[in-house]
Amino acid sequence: MTLIQLANPSRVLALSERALPWLIAATVLAFVVGGVQAWLAPDDYQQGATVKIMFIHVPAAWLGIFCWLLMSIAALGTLVWRHPLADVAAKAAAPIGAAFTLICLLTGALWGRPMWGAYWVWDARLTSVLVLFLMYLAVIALWRTIEDPTRAARAVAVFTLVGAINIPIIKFSVDWWNTLHQGASVLRLGGSTIHPSILIPLIAMLVAFTLLFLTLHLAAMHNEILRRRLRTMLMMQAAAAR
Amino acid sequence: MGALTPLAALLVRDMQLAVRLGGGAFIGVLFFLMVVTLVPFALGPDLALLARIGSAILWLGALLASLLGLDRLLASDYEDGSLDLILMASTPLELAVAAKALAHWLTTSLPLVVAAPLLGVLLNLDGRASGAVALTLLAGTPALTYIGLIGAALTVALRRGGLLLAVLVLPLNIPVLIFGVAASNAAIVGPLPFGTPFGILCALSLMSVVIGPFAAAIALRQGLD
């Protein structure tokens with residue numbers, strides 16, 4: 001299934017209808033496996049059982065960032081390659097990315113209260129992720145304000161690409177500034193610094209969260225295509241009634 | 001006007017319009033003054049407190065004044081059709097919007113920079129602090145204007161796009177605000193040297209002077225066809 005074949009909305013609808021049940025099953029299975037591993041993972045010697053918030057907080061953070069990168073590629077698809085369904089992908093992804101970023105911020109606050117003594121600090125990592133969340137909300141607002149979906153798509157694409165500069169800032173904020181937030185311990189030069197007994201459940205939960213994102217995104221794309229068909233039919237009906 | 005290049009003519013035209021339209025260039029300064037006056041009413045007249053946060057209040061006021069001036073950047077040209085003429089002209093659109101943003105900066109933001117030391121008196125800032133704030137505003141307001149240019153281009157065709165413009169532009173302005181206030185405070189209090197945040201502030205301005213016109217041109221071309 002090449003990218004150009006996926007430019008056909010009907011084919012994407014058919015594909016999503018066939019693939020969604022499998023994706024849902026895979027997501028549930030991955031959460032069961034990941035959840036069991038997280039449950040059985042050992043407590044941290046310093047943080048105790050509180051460290052297990054990490055199994056939700058870190059995958060949510062990774063997916064919030066991954067979703068903006070996906071939206072950036074979709075933005076290039078809209079502006080550069082003129083792929084007809086790139087804007088459907090971008091529009092479907094925005095609320096999901098916002099939700100994951102919000103989960104990351106909330107679980108981080110709940111983790112910070114026992115660990116740092118504060119729900120929120122204005123350090124570089126937290127501030128840049130908050131800015132990412134604000135940009136998600138701005139994108140959603142921009143989608144809803146411009147009525148024609150095609151024109152909205154191009155405006156959102158420009159804004160998404162400009163906002164993509166925040167992603168390396170988030171990733172490297174713990175290196176460039178003196179932050180309270182944990183430094184990079186998984187994706188870093190020299191390999192991960194987390195013990196495998198906690199790293200393996202973390203990877204398992206990341207796989208589960210990614211499958212959840214893909215399921216939600218595919219379902220949202222399916223709905224968006226149907227929504228646009230409905231809008232076109234309503235417009236045709238209104239024009240025929242004259 | 002025959003001796004001027006098209007870009008220079010556009011610049012002069014925009015500056016003349018900005019000075020004459022909608023209350024003139026000083027409406028931004030007036031708003032700046034009002035915001036700076038509101039804060040002591042909210043906080044109480046504690047002069048020591050005002051002196052400590054004075055540079056932040058001045059930066060916030062300048063940011064908000066610059067934000068509110070943005071809908072005069074492209075919207076009035078869109079409404080009377082001049083924006084279509086600019087799009088169809090042979091001058092590259094990127095340079096044309098860069099010239100418009102330069103005119104906007106000269107007429108809207110430079111008065112804010114000049115007014116900042118005077119308003120610093122209201123906030124019990126001494127000469128050195130006010131000078132530091134004015135210098136950081138001079139370096140940082142181009143970033144605010146050119147990032148705002150992107151938001152203005154994205155919302156140019158919307159009739160009630162004012163709040164959406166602010167929502168789009170404010171997340172991108174946050175780094176400018178952070179480094180602007182950091183540089184102002186570093187000049188007064190330390191311990192950071194002034195050069196570090198000031199250098200980053202200048203870098204942000206230079207980057208936005210390049211990225212802003214290109215992003216705005218893409219947005220205008222896509223949004224106005």
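Author: The bend at a residue is the angle between two axes, one fitted to the seven residues ending there and one to the seven starting there. This is a predicted model, in which local features need pLDDT of at least 70, side-chain atom pairs count only at pLDDT 80 or more, and totals for chains, interfaces and linings use all residues. Residues are numbered from 1 along each chain as its sequence is written, while chains are lettered from A and ligands numbered from 1 in the order in which they are written.

Reader: Where does α6(B) bend, and by how much?

Author: At Ala116(B), by about 40 degrees. A proline, Pro117(B), follows within four residues. Helices here are DSSP runs of H or I, at least four residues long; strands are runs of E, at least two; both are numbered from the N terminus.

Reader: What span is expected of α6(B), and what does it reach?

Author: The rule is 1.5 Å times one less than the number of residues. α6(B) has 30 residues, and 44 Å is expected. From first C-alpha to last it reaches 42 Å, which is close.

Reader: Why is the span of α1(A) said to agree?

Author: The 32 residues of α1(A), 9-40, should span 46 Å, and the end C-alpha atoms are 44 Å apart, so the two agree. α1(A) also bends by about 40 degrees, at Ala19(A), with Pro21(A) following within four residues.

Reader: Why is Leu206(A) called buried?

Author: Buried takes 20 or more other C-beta atoms within 10 Å of its own; exposed takes 12 or fewer; partly exposed lies in between; C-beta atoms are placed from the backbone. Leu206(A) has 20, so it counts as buried. The residue lies in helix α7 of chain A.

Reader: What does Leu206(A) touch beyond its neighbours within four places in sequence?

Author: Pro59(A) and Trp62(A). Contact means C-beta atoms, placed from the backbone, within 7 Å. Trp62(A) is 144 residues away in sequence, yet 8.2 Å away in space, C-alpha to C-alpha.

Reader: Is Arg82(A) exposed or buried, and why?

Author: Exposed, because it has 9 C-beta neighbours inside 10 Å. Arg82(A) sits in the loop between α2 and α3 of chain A. Its phi is positive, near 55 degrees. Most residues other than glycine have a negative phi.

Reader: What makes Asn124(B) partly exposed?

Author: Asn124(B) has 17 C-beta neighbours inside 10 Å, so it counts as partly exposed. Its loop runs between α6 and α7 of chain B.

Reader: What is the hand of the crossing of α1(B) and α6(B)?

Author: Right-handed. That means the near helix is turned clockwise from the far one by less than a right angle; left-handed means anticlockwise. The axes come within 9 Å and cross at roughly 35 degrees. Such axes are lines fitted to C-alpha atoms, for helices over the stretch in contact, with angles from 0 to 180 degrees between N-to-C directions. The residues in contact include Leu7(B) and Met15(B) of α1(B), and Ala99(B) and Leu106(B) of α6(B).

Reader: How many residues of each chain make the contact between A and B?

Author: Chain A gives 15 residues and chain B gives 15. On chain B, α7, α8 and α9 each give two or more. That side has 13 nonpolar, two polar and no charged residues. Nonpolar covers Ala, Val, Leu, Ile, Met, Phe, Trp, Tyr, Cys and Pro; charged covers Asp, Glu, Lys and Arg; the others, Gly among them, are polar.

Conventions
Contact = placed C-beta atoms within 7 Å.
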